[in-house]
Amino acid sequence: MVKSHQAIAPSVGIIGAGKVGSTLAQRIAEKDLADVVLLDVIEGMPQGIALDLMEARGVERHDRQLIGTNNYADLVDCDIVVITAGKPRTPGMSREELVEINTKIVKSVVKEAVQHCPQAIFMLVTNPLDVMTYLAWKASGLDSSRVMGMAGVLDSARFQTFISLELGCSIADIQTLVLGGHGDLMVPLPRFSTVRGIPITELMDQAAIDRLVERTRKGGAEIVQLMKTGSAYYAPASSVCLMVEAVLHNQSRFMPVAGYLQGQYGLNDIYMGIPCQLGYQGIEKILELPLAESEIAALHESATSVRKGIEMAESLVGFD
């Protein structure tokens, strides 16, 4: 549970000082949301990044404290812990291929972190996102409302961008919704995606919608192919920052995040992208939408893929 009405500034721990983690630290500080503890296993790197960001305060006009560390004990009293640690995708690599590498990293990181900040809310960014979120929940021993994954916000933002480019309209007028696993079987929902309240199904033909849905599903892979030596980090950092803000400011915002399903949408014991209400308590409510049969079928197909990843992760490290 996040501290409320406190004299002490809120703080966010970020584990993994790579491009997503360091960009997120910048976003949080410059939006004046919280102090930041940036942790990484590489000595000197998080300290250098934190100092660089601190030296920008005079220009950016905020008084947030940022520290870099290699010591998990420095996470004490963090309200939120964001985990970005792990290997990013490279060209030709699927998110599922990351399971073997990142499962061991995430389990170790979570078990260490929760010892020092058992009161924190945990947010996962590491891929494969839904599998790593489930693993983090199991490893942490926390209530499922306090463990969540980022990807639905990112996938919906990508869908927003592609609709905006297609229609030539301001992205400020566009709302989108993407559910399911963060992978090629994610489920963009065109009839719940609107421009000033008008469903996109009224604004473009089915061929255009299908093209944008497919580009959304391949959004991360498209960037990996272009960059060749890395993966997306600006949009992922912005997406998790939105979640951090919703929790710290107790905004009770509905947004698609990887949450734990206990019967909703006919699914049990799985983390997937679903509409959740975020506030001080973490996931405060799960919204169950009246999906069409085809949408439910697509969501269940996505869940089958996520379950395979969970089973692979469990065979590698166990969920004790």
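I began with Gly16, which counts as buried because its relative accessibility is 7%; buried means under 20% relative accessible area with a 1.4 Å probe, protein chains only. I noted that this is a predicted model, where local features need pLDDT of at least 70, side-chain atom pairs count only at pLDDT 80 or more, and totals for chains, interfaces and linings use all residues. Residues are numbered from 1 along each chain as its sequence is written, and side-chain values use heavy atoms, with hydrogens and water left out.

I placed Gly16 in the loop between strand 1 (11-15) and helix 1 (19-30). Helices (H or I, at least four residues) and strands (E, at least two) are DSSP runs, numbered from the N terminus. Not counting residues up to four places away in sequence, I found Gly16 touching Gly21, Leu38, Leu39, Asp40, Thr84 and Ala85; contact means heavy atoms within 4.5 Å.

I then checked Ala17, in the loop between strand 1 and helix 1. Ala17 counts as buried because its relative accessibility is 2%. Beyond its neighbours within four places in sequence, Ala17 contacts Ser22, Leu38, Leu39, Asp40, Met45, Pro46 and Ile49.

Last, I looked at strand 12 (residues 253-262), where 7 of the 10 residues are buried. Strand 12 runs antiparallel to strand 13 (residues 268-279), with 10 bridges joining them; strands pair if DSSP finds at least two bridges between them. I saw Gln262 opposite Asn268 in strand 13. The two strands form a hairpin with 5 residues between them, and Gly263 in the turn has a positive phi of about 110°.

Terms used:
Buried means under 20% relative accessible area, exposed over 50%, partly exposed in between (1.4 Å probe, protein chains only).
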